[in-house]
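This report describes how two protein chains meet in a model, and which pairings and contacts can be read from the coordinates. The sequence and structure come first.

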Amino acid sequence: MRNFNWYFIISMINSCFLYSQIGINTAHPSAMLDVVSSGNTTKALRINNSNFEMFTISNNGNVGINVPNPTAQLHTSGNIRLSGLGINTINTGVITNDLSGNFAIRSTSTLVPQIIAGANGTDAVSAIQTLSSTSGIPSYTNNLLTRTFTITQTSMVNFSYQLGIDNIVSSSGTNLTDGASKQIGARLTWKAVPSGSSFTVNGILYTDAVAFMNSSPNYIKGFYYPKGNCSFVLPPGTYSVELKGYVYAYDNVQGIRATFGNSPYDRLDITAIPVQ
Amino acid sequence: MSKKLTALIFFIYSNFIFSQVGINTATPSAALDIVSKGSNYATKALEVNSASQELFTVLDNGNVGIGVSNPSTQLHTTGTVRMQGLGNTASNTKVLTADAIGNVTTRSTSTLLPQVFIGANGLDAVTTTQTISSINNIPTYTTGLLVKSFTLSQASIVTFSYSLGVMDVMGSSGSSTFIDGAAKQIGTNLIWKSLPNGSSFSTNGIICTSALPFSNIGSNYVSGTFYLSNSCPILLPAGTYSVELQGFVNASDNNLGIRASFGSNSNDRFDITATTAQ
């Protein structure tokens, strides 16, 4: 009986007789064993074996398992087993820990792919623009489709597009019959980038072109779909991209003319995954 | 009264003889052994308090609270949790998640990360061949060349990716003298073959498409293989979907027309992957 404590024994006996409950430092225990910290030490409860302190309750409410001076409400130092946990398929708060073992919730929106624009299987371009080109001067659509998005973390951003082109004729609107290869294309360009970006406004993210040639009175004038799919790692910031159609003819007689955006299957889909 | 006296005697007895303390037990099996009297959430086996608040609670039903005097789960905390020294894994497929009020459950990584539904194996996706022809501005389509079905248990971002080889491009009669100089069209459509009830899409509607113009006036020309490809992501609600990869040819002239074969090469691809929408 080291640490013999008369107060402890007296209150123990007292509560034993009166309530059949044990109080330590309290005359009115509200549990089988009710411990009220005296406040003279930093701990309300310790459980030790002969080698180390296994379990600790500090006066500030922190509980340590094999951690004598817990720095969190629950602080452990080894493996944890939580058997019998339920299973869900929808919770978006993932429990993560830092290098010191501190747990925190991380939203799945910062972990898995997110839709930034489109990805809905519907027509992305409702306007129509018609372009012509002759004599080696390409011609581009102007603000046919622009998408602006903001990313809050460095992300791998995937761009996917297809732009329908039809009514392919000569620059004057007659049938194209000169047998010269001309070009119809669609490119994705930077419309706005955050200050300090390594990309420049009007720079090309991705471009695609189809060679078109005809020398017969009857030919298929549409639809053709220049398309692209590319991924960029982008720092946080607000970006704007423009999907631009273009036509290009080298000759100065028939040239080329085509209409962009007429198809119901134009697409511009942007998805992003935060870089881990 | 005599019962309580017995309890006290046991307490003192065990204290002196075995250096073990039993509360409500005559035969403690730990240095401190507390046997609760009740079995429900309203009564407590143990509480540890500071001068001002209840720090630690063990209810008679086994629930443990840290900073929670009436814990509603086996372990109920209200503040930070630090687990130092956790092991690392590269293979566990369940992550811990918490709902809005802190209930912790597990979620399978298959409901969080991209999953392969179809293909994504680098193998030939189209093992049959179909030859179709068109003339006089009437397009012709392959029929059932490649149909794939998949079921989403949750709303997901589904990415479709395909590449379909087209070869033996010639006149509609099979003539190899494809020399009329008319721009004809070879293409592919990815279309909805079947949809869940209430879908905003319609059967035979196009998901994504691609086409090439093809014209020739030389006696020797390359008649194949060309690959029509595309890739697009679509957010889809839960349900069972079926999609068809369809080749097509279209010629406006009514003289030579066009004919082509789809699927005969060994590099056709059709891949579907999906990530649960979060």
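Thr76(A) stands opposite Met83(B), a residue of strand 7 of chain B. These two residues belong to a parallel pairing of three bridges between strand 6 (residues 74-76) of chain A and strand 7 (residues 81-83) of chain B. Strands here are DSSP runs of type E with at least two residues, numbered from the N terminus, and two strands pair if DSSP finds at least two bridges between them.

The model is predicted: local features need pLDDT of at least 70, side-chain atom pairs count only at pLDDT 80 or more, and totals for chains, interfaces and linings use all residues. Residues are numbered from 1 along each chain as its sequence is written, chains are lettered from A and ligands numbered from 1 in the order in which they are written, and side-chain values use heavy atoms, with hydrogens and water left out.

### The interface

In chain B, 85 residues are in contact (heavy atoms within 4.5 Å) with 82 residues of chain A. The size of an interface is often given as the accessible area lost when the parts come together. For chain B and chain A the buried area is about 7200 Å², and carbon and sulfur atoms give 62% of this; the value is the accessible area (1.4 Å probe) that the two parts lose on being put together, summed over both. Strand 16 (residues 206-214) of chain B supplies eight residues, the largest share of the side of chain B that touches chain A. That side divides into 41 nonpolar, 33 polar and 11 charged residues. The classes are as follows: Ala, Val, Leu, Ile, Met, Phe, Trp, Tyr, Cys and Pro are nonpolar, Asp, Glu, Lys and Arg are charged, and the others, Gly among them, are polar.

Between the two chains the rule finds 48 residue pairs in polar contact, both residues at pLDDT 80 or more. A polar contact is a pair of N or O atoms within 3.5 Å; within protein, one must be able to donate a hydrogen and the other to accept it, and residues adjacent in sequence count only if both atoms are side-chain atoms. How many salt bridges cross the interface of chain B and chain A? The rule finds zero, where a salt bridge is a side-chain nitrogen of Lys or Arg within 4 Å of a carboxyl oxygen of Asp or Glu.

### Strand 3 of chain B

Strand 3 (residues 44-49) of chain B has pairings in both chains. With strand 2 (residues 33-36) of chain A it runs parallel, joined by four bridges, and Leu33(A) stands opposite Leu46(B). With strand 4 of chain B, strand 3 pairs in the antiparallel sense over five bridges; the two form a hairpin with four residues between them, and Glu47(B) has Thr57(B) as its bridge partner. Six of the six residues of strand 3 are buried (under 20% relative accessible area; exposed is over 50%, partly exposed in between; 1.4 Å probe, protein chains only), so this strand is largely enclosed by the rest of the structure.

The side chain of Asn49(B) makes a polar contact of 2.7 Å with the side chain of Asp34(A). Beyond its neighbours within four places in sequence, Asn49(B) is in contact with residues including Val35(A), Val36(A) and Leu55(B).

### A sheet from both chains

An open sheet of five strands has the order 7(A)-9(B)-8(B)-8(A)-9(A), with mixed pairing. Strand 7 (87-88) and strand 9 (103-107) of chain A stand at the edges, each with a single partner strand, so one side of each lacks a neighbour in the sheet. Strand 7 of chain A runs parallel to strand 9 (residues 104-108) of chain B, joined by two bridges, with Ile87(A) opposite Thr106(B).

### Salt bridges

Over all chains the count is 10 salt bridges.

| Pair | N to O distance | Relative accessible area |
|---|---|---|
| Lys182(A), Asp178(A) | 2.6 Å | Lys182(A) 3%, Asp178(A) 33% |
| Lys44(B), Glu54(B) | 2.8 Å | Lys44(B) 14%, Glu54(B) 19% |
| Glu244(B), Lys193(B) | 2.9 Å | Glu244(B) 3%, Lys193(B) 38% |

Lys43(A), Arg46(A) and Glu53(A) are linked in a network of salt bridges.
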